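Please walk through this structure in stages, starting from a single loop residue and ending at the ligand.

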Amino acid sequence: MPSITSATPLQIDQVCKTYCQGTSTVHALDGVNLTVQPGEFVAIMGASGSGKSTLLHAMAGLIQVDSGQVVVSGQDLSQLGDVALTKFRQKNLGIVFQAYNLIPALTAEENVRLPATDSGNLDDRVERLLDRLGMSERRSHRPMALSGGEQQRIAIARALICDPAILLADEPTGSLDSVTGTQICQLLRGLVDEEQRSVVVVTHEPHVAMWADRVVVMKDGTNLAEFETLGTRDPQIIANRYQESLGAEAVH
Ligand SMILES: Nc1ncnc2c1ncn2[C@@H]1O[C@H](COP(=O)(O)OP(=O)(O)OP(=O)(O)O)[C@@H](O)[C@H]1O
């Protein structure tokens, strides 16, 4: 296992999570290992039910794992109580969901400001983010008056307001048309290339995964295989590599 340093944004070591419902038991995560480097863009692919969202939620500290370690920027999340975990998450992780999860009663700008924990330079940070995401002109609109792509831009701005080193996104383009989805992927790529953030995206889509540096393939709660994209922006190549990976042995 690579050594954990505070500079390693994300280290997942032998993580297991089991759900029990009635008499049935689901091993949603079954010994997952994953390290995400600074300035790396990782896509997590896999069939429905393979454990992708559970893994992302474990990385975000949104669920407790049964065993194994989730270490974010040198901090083992299991060592934090609820309040400390919430504060740590706000400062160190940005999280984006398929459904945007904006507060309907607040304007776009108010949604972006909402998670800010310190007021230092807040106006400047909001301005820069709205500008960076091309949303300055739409700042006074409520979510209902924004397109899906605009809502996702605001959700990304909100996720970045505390300047986290890591952005986690669960199917961020799942509700968008392909042109808007590509714009969001380019934006995420820019956060890696221009700002050296680490980005982890859960996706079913090769045309989303192709923007990553590395694709991790999940199957039955394990990280079955992984491959580097080597800068190809060809979804067919990614789809072929993904299919080949499903025939591969587990990475452990
Ligand atoms: N809260 C829960 N309670 C019970 N079972 C759960 C819960 N969350 C996830 N599971 C189960 O764990 C397994 C993995 O689910 P998960 O949502 O991580 O898969 P996924 O790969 O993200 O699927 P999809 O692509 O359909 O979103 C599935 O069998 C799912 O039914």
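Is Glu194 buried or exposed? The model is a predicted one. In it, Glu194 sits in the loop that links α6 (178-193) to β8 (198-202). Glu194 has 9 other C-beta atoms within 10 Å, so it is exposed. The C-alpha atom of Glu194 lies 9.2 Å from that of Gly39, although 155 residues separate the two in sequence.

Asp163 belongs to the loop between α5 and β7 (166-170). Because Asp163 has 12 other C-beta atoms within 10 Å, it is exposed. Its backbone also calls for a look: the phi of Asp163 is positive, near 60°, and Asp163 is not a glycine.

Another aspartate with a positive phi is Asp220, at about 50°. Asp220 is found in the loop between β9 (214-219) and β10 (222-228). These two strands form a hairpin with two residues between them, and Asp220 is in the turn. The pairing of β9 with β10 is antiparallel and runs over six bridges. Within this pairing, Met218 has Asn223 of β10 as its bridge partner. Asp220 has 15 other C-beta atoms within 10 Å, so it is classed as partly exposed.

Next comes a sheet. Four strands make up an open sheet in the order β2-β1-β4-β5, with antiparallel pairing. Its edge strands are β2 and β5 (75-76), each of which pairs on one side only. On the β5 side, β4 (residues 67-72) and β5 run antiparallel and are joined by two bridges. Opposite Val71 stands Asp76 of β5. In a regular strand, side chains alternate between the two faces of the sheet.

Leaving aside residues up to four places away in sequence, Asp76 touches Gln69 and Val71. Asp76 and Gln11 are 65 residues apart in sequence, with their C-alpha atoms 9.1 Å apart in space. Asp76 has 13 C-beta neighbours inside 10 Å and therefore counts as partly exposed.

What lies at the other end of the scale of burial? Helix α1 (residues 52-59) has eight of its eight residues buried, so it is largely enclosed by the rest of the structure. The buried residues are Lys52, Ser53, Thr54, Leu55, Leu56, His57, Ala58 and Met59. An α-helix has 3.6 residues a turn, so residues three or four places apart point the same way. After α1 comes Gly61, with a positive phi near 70°.

The largest nonpolar core has 69 residues, and Met59, Ala157 and Leu168 touch the most other members. The helix that gives the most to this core is α5 (residues 148-160), with six residues. Apart from residues up to four places away in sequence, Met59 touches Leu10, Ile12, Val70, Leu168 and Val200. Nonpolar side chains tend to be buried together in soluble globular proteins.

Around the ligand are Tyr19, Gln21, Val26, Ala28, Gly46, Ser48, Gly49, Ser50, Gly51, Lys52, Ser53 and Thr54. Two or more residues of this shell come from each of β1 (10-21), β2 (24-36) and α1. Which element gives the largest share of the shell? That element is α1, with three residues. Sorted by class, the shell has three nonpolar, eight polar and one charged residues.

An unreviewed UniProt entry annotates residues 10-245 as "domain: ABC transporter". In the model, the end C-alpha atoms of residues 10-245 are 23 Å apart, and the span is 34% helix and 28% strand.

Terms used
Residues numbered from 1 in each chain as written. Predicted model: local features only at pLDDT ≥ 70, side-chain atom pairs only at ≥ 80, totals over all residues. Buried ≥ 20, exposed ≤ 12 C-beta atoms within 10 Å, placed from the backbone. UniProt positions renumbered as here; feature names shortened; annotations may be inferred. Near = placed C-beta within 6 Å. Nonpolar A, V, L, I, M, F, W, Y, C, P; charged D, E, K, R; others polar. Core = buried A, V, L, I, M, F, W, Y, C linked by C-beta atoms within 7 Å. Contact = placed C-beta atoms within 7 Å. Pairing = 2+ DSSP bridges.
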